[in-house]
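Subject: Structure handover

Hello,

Here is the structure for you to look over. My notes follow below it.

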Amino acid sequence: MAEPRDVVRIPDTKVALSTASVYPESTATAFEIAARLGYDGVEVMVWTDPVSQDIEALRRLSDYHRIPILAVHAPCLLITQRVWSTDPWTKLQRAQAAAEKLGASTVVVHPPFRWQRQYARDFVAGIWRMANETDVRFAVENMYPWRYRDREMLAYAPDWDVTKDDYRHFTIDLSHAATSRADAIEMVDRMSDRLGHVHLGDGSGSAKDEHLVPGRGTQPCAELLERLASAGFDGHVVIEVNTRRAMSGAEREADLAEALAFTRLHLASPLKVPRR
């Protein structure tokens, strides 16, 4: 019998660009870059840019550039405390409605800040309740302790390590894993088949959330992608990197092209087929 040979399997997993990856450029610029570089879609970070909050404007961008919106990141950041209401549940309801209207399959949400006591107390049950009312996935994202010199502040509740609580779907963020100094692969193992979404960015273990281009830090980005490909992962991989230090638009695009190439390379898992 002939020896088997390796062939490359083209994965079904879609690779999206987070609109946060072009900051300080606009949401509209992210659509343009994603389309030009050949991304499969975008994840919209809802933040202070008015376009990111406007469903009709987002639909027009998606239609014009012929690039789908695959996920909506709810406004959970400190700088978005007043975006789409000051009530956190209203924010999630609006994120769900936006995802449904735009055809996105996932809403990404952070665990509450510890000082949002009532929201934190009801968060796990509330996320389950909302998940039961829609086909949109609410994928809760791992975070990290805040550190300054030798001090550590636990800023998230119930916990920055979302695997300690019961959610239907998780988002793994490798840059956050680096900042928390957690083992990303062990975290993914704990998430198991409830891993629904990936934020791909690298990190070196700094106290700062770095969001480096994959391959430029110490996180197991390649290993994770290869595991996802072998397992037939049915979620999305989203490039979420920091390009704020780019000296030009061309340098920013080069970083985002490199991140896309890295991701596609490591998602392409080899298959053994018989030689004729």
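**Backbone features**

His211 sits in the loop between β10 and α7. Its phi is near 50 degrees, a positive value in a residue that is not glycine. His211 has a relative accessibility of 11%, so it counts as buried. Please keep in mind that this is a predicted model.

Arg66 also has a positive phi without being glycine, near 55 degrees. Look for Arg66 in the loop between α2 and β4 (69-73). Arg66 has a relative accessible area of 78%, and is therefore exposed.

The loop between β10 and α7 holds Gly215 too. Gly215 is exposed, because its relative accessibility is 53%. In sequence, 43 residues separate Gly215 from Glu258. In space, their C-alpha atoms are 9.5 Å apart.

Next, the cis peptide bonds. One runs from Tyr23 to Pro24, with omega near 15 degrees. Pro24 lies in the loop between β2 and α1. Another joins Ala157 and Pro158, where omega is about 0 degrees. Pro158 belongs to the loop between β8 and β9.

**Aromatic pairs**

How many aromatic pairs does a search of the whole structure find? The count is twelve. Take Tyr23 and Trp47: their ring centres are 5.2 Å apart and their planes meet at 75 degrees, so this pair is edge-to-face. The pair links distant parts of the chain, 24 residues apart. Tyr23 is in the loop between β2 (14-18) and α1 (27-37). Trp47 is in the loop between β3 (41-45) and α2 (55-65). Trp47 has 16%, so it is buried.

Trp89 and Tyr119 make another pair. Their ring centres lie 5.0 Å apart with planes at 85 degrees, so they too are edge-to-face.

**Salt bridges and charge**

Some background first. Side chains of opposite charge can pair when their charged atoms come close.

The structure holds 13 salt bridges. One of them brings together the side chains of Glu32 and Arg36, at 3.1 Å from N to O. Both residues lie in helix α1. They are four residues apart, about one turn of the helix. Glu32 has a relative accessible area of 36%, so it is partly exposed. Arg36 is likewise partly exposed, because its relative accessibility is 46%.

Arg194 forms a salt bridge with Asp166. Their closest N and O atoms are 2.9 Å apart. Which parts of the chain does the pair link? Arg194 is in the loop between α6 (184-191) and β10. Asp166 is in the loop between β8 (151-153) and β9 (169-173). These are distant parts of the chain, 28 residues apart. Arg194 has a relative accessible area of 26%, so it is partly exposed. Asp166 is at 44%, so it is partly exposed as well.

The side chains of Arg147 and Glu152 also meet in a salt bridge, at 3.3 Å from N to O. Glu152 is partly exposed, because its relative accessible area is 48%.

Where does negative charge gather on the surface? Asp183, Glu186, Glu223 and Glu226 form a patch there. Glu226 is placed in helix α7 (residues 221-231). Its relative accessibility is 39%, so Glu226 counts as partly exposed. Residues need over 30% relative accessible area to join a patch, and Glu226 is above that cut-off at 39%.

Best wishes

Note on methods:
Residues are numbered from 1 along each chain as its sequence is written. This is a predicted model: local features need pLDDT of at least 70, side-chain atom pairs count only at pLDDT 80 or more; totals for chains, interfaces and linings use all residues. Side-chain values use heavy atoms; hydrogens and water are left out. Patches are made of residues with over 30% relative accessible area and no salt bridge: like charges are joined within 9 Å, nonpolar side chains (Val, Leu, Ile, Met, Phe, Trp, Tyr) within 5 Å. Accessible areas come from the Shrake-Rupley method with a 1.4 Å probe; for residues, only the protein chains shown count as cover. A salt bridge is a side-chain nitrogen of Lys or Arg within 4 Å of a carboxyl oxygen of Asp or Glu. Lys and Arg count as positive and Asp and Glu as negative; His and the chain ends are not counted. The place of a charge is taken as NZ of Lys, CZ of Arg, CG of Asp or CD of Glu. Helices (H or I, at least four residues) and strands (E, at least two) are DSSP runs, numbered from the N terminus. Buried means under 20% relative accessible area, exposed over 50%, partly exposed in between (1.4 Å probe, protein chains only). Rings of Phe, Tyr and Trp (its six-membered ring) pair if their centres lie within 6.5 Å; planes under 30 degrees apart count as stacked, over 60 as edge-to-face and the rest as tilted.
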